[in-house]
Amino acid sequence: MTTKRYSLAEVLAVAKTHPFYNPDIVYPADAETIESLRKAVTGQKEKPKLQEQPLLEKKTLYKAIERLTHDVDPQNTYRQSSYMSITGGGSGGVPMMFAVDVHENRRQRSQMGEFLKLCGVAQPGDWVLSTHTAGGFYRSLDLMTEIMENAGATVLSAGSYMPPKDVAKSLADYHVNILAGDSSHVVQTVYHISLMAKEDRDRVRLDKIIYTSEPLTGPQRAFIKTILGEVKIISVMGSAEAGPWAISSPDLTAEQSLTSDSTDFVIDTRNMVVEIVSPSVIDGVSNPDPILLPQGEEGLIVQTSLQRLRNPLVRYITGDIGSLHPLPSAACAVIPEADRDHLRVLRMHGRDPRFSFKWFGGYFEFDRIAAFMQEEECGILQWQILLGRLESSPQATLELRLLRSPPRDGILSDDALIKRVEAFFIVLPENEPLFRIVFLDGLGGFERSATAGKVIRFVNRWH
């Protein structure tokens, strides 16, 4: 396995022999079998028929991975020479250990670094301080460090446990121009910078923010620009299943509107095949309309990796909603002509919004809650909802934890925000004892996922 990328025919050939896609297969193929499968499709004139491959749902993948992770039989190649990446746990679920061939993983990191350089995100001369998470089986720190080093940048590996005051001091002391981290830690760092004396704050001179994990909301972006000025806000998207695979940058797709509910990412079709399919595919009902949607139409994002062969990812339903678009003309000033035909814009609209929770007889939809929390006058930088129960009765309680930006013109007072929140969640005299708002002054008071340390938007202690 020496090639940098695999053909679609090779990936599909291996997928047919893999337990992710064939329940009759016990273990993934060994290196000799994979090489034989590759040779069998080399020079094949018939075009691979991707749509004939069934869609892969997360629950199917999780079930196969759970069995393979705990099977210690020497014939189980899933546990051999693998880079283990953990995901899950952010919504109360059991974490999943996704295994990637160690050599494929290193090549993908190298390719992503080249992609960052191609898109003008990072390059030689940049100094990056990363506050990404490491430990507890989670590896975003070493992943992002290596990717940015492959792009030519010099990286200070601070990690998520360095106190914000030390992070801010290091940004100034070492003349760092890029702050990288998951969105929560980026907000925490900028929040600390906002509290510094002006002479200390002026020593921090950042021109780029590179964030991962959860999206930055409109109020969070506005707050960052208020404190740091005209800093470019860039995002790298990835997952344990697919690895890093997309970039959002204002130099490529223009500045994101603070009120927009979508984010434009650029993808390289030489690395990832993306399909947009009808959301009806997961409803369990037959649909006479085509499953595959045309360019520009919004639906579920399905991905097939051309970078992973030993444990292939084919037609995987990510659970995100999006649409595909051509590369805008503005990107031509950054992207060389030879690469433009291979790049596309993936407009991300977030997770599938068909989810809600019930409290005191009412259903509350997550997409409506997210839109409410992002209203600029609310000044909410981070939020979390906890659904619990009273110890003395079977009644459900609702707690809202909030981190707000410092007071400024145009931002509601705490009392005014409380009234607005109570109206949104329909807090009445009869359910007022079951409702609570907690204002926090940092991330320490939020429930965090056991893997990535992400702020869990919804904590369900009721079920």
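pLDDT is the predictor's confidence in each residue, from 0 to 100. For this protein chain its mean is 89, and 93% of the residues reach 70 or more. Residues 89-93 are another matter: pLDDT stays under 50 there, and the model has 6 contacts (heavy atoms within 4.5 Å) beyond four places in sequence for this stretch.

A word on the ground rules: this is a predicted model, in which local features need pLDDT of at least 70 and side-chain atom pairs count only at pLDDT 80 or more, while totals for chains, interfaces and linings use all residues. Residues are numbered from 1 along each chain as its sequence is written, and side-chain values use heavy atoms, with hydrogens and water left out.

The chain is divided into domain 1 (99-352) and domain 2 (362-460), with bounds from an automatic or database domain assignment. Their contact takes 18 residues from domain 1 and 20 residues from domain 2. The interface values are gathered here for you.

| Domain 1 with domain 2 | Value |
|---|---|
| Distance between C-alpha centres | 27 Å |
| Buried area | about 1,700 Å² |
| Salt bridges | 0 salt bridges |
| Polar contacts (both residues at pLDDT 80 or more) | 3 residue pairs |

Buried area is the accessible area (1.4 Å probe) that two parts lose on being put together, summed over both. Of the area between the domains, 58% is on carbon and sulfur atoms. Ser-184, Tyr-191 and Pro-219 supply 30% of what domain 1 buries against domain 2, more than any other three residues.

A polar contact is a pair of N or O atoms within 3.5 Å; within protein, one must be able to donate a hydrogen and the other to accept it, and residues adjacent in sequence count only if both atoms are side-chain atoms.

On the side of domain 1 that touches domain 2, helix 7 (183-194) and helix 9 (218-228) are the elements that give two or more residues. Helix 7 provides the largest share, 6 residues. Helices here are DSSP runs (H or I, at least four residues), numbered from the N terminus.

**Salt bridges**

A salt bridge needs a side-chain nitrogen of Lys or Arg within 4 Å of a carboxyl oxygen of Asp or Glu, and by this rule the count comes to 27. One of them joins Arg-106 and Glu-146, whose closest N and O atoms are 2.2 Å apart. This pair links distant parts of the chain, 40 residues apart: Arg-106 lies in helix 4 (residues 102-118) and Glu-146 in helix 5 (residues 140-150).
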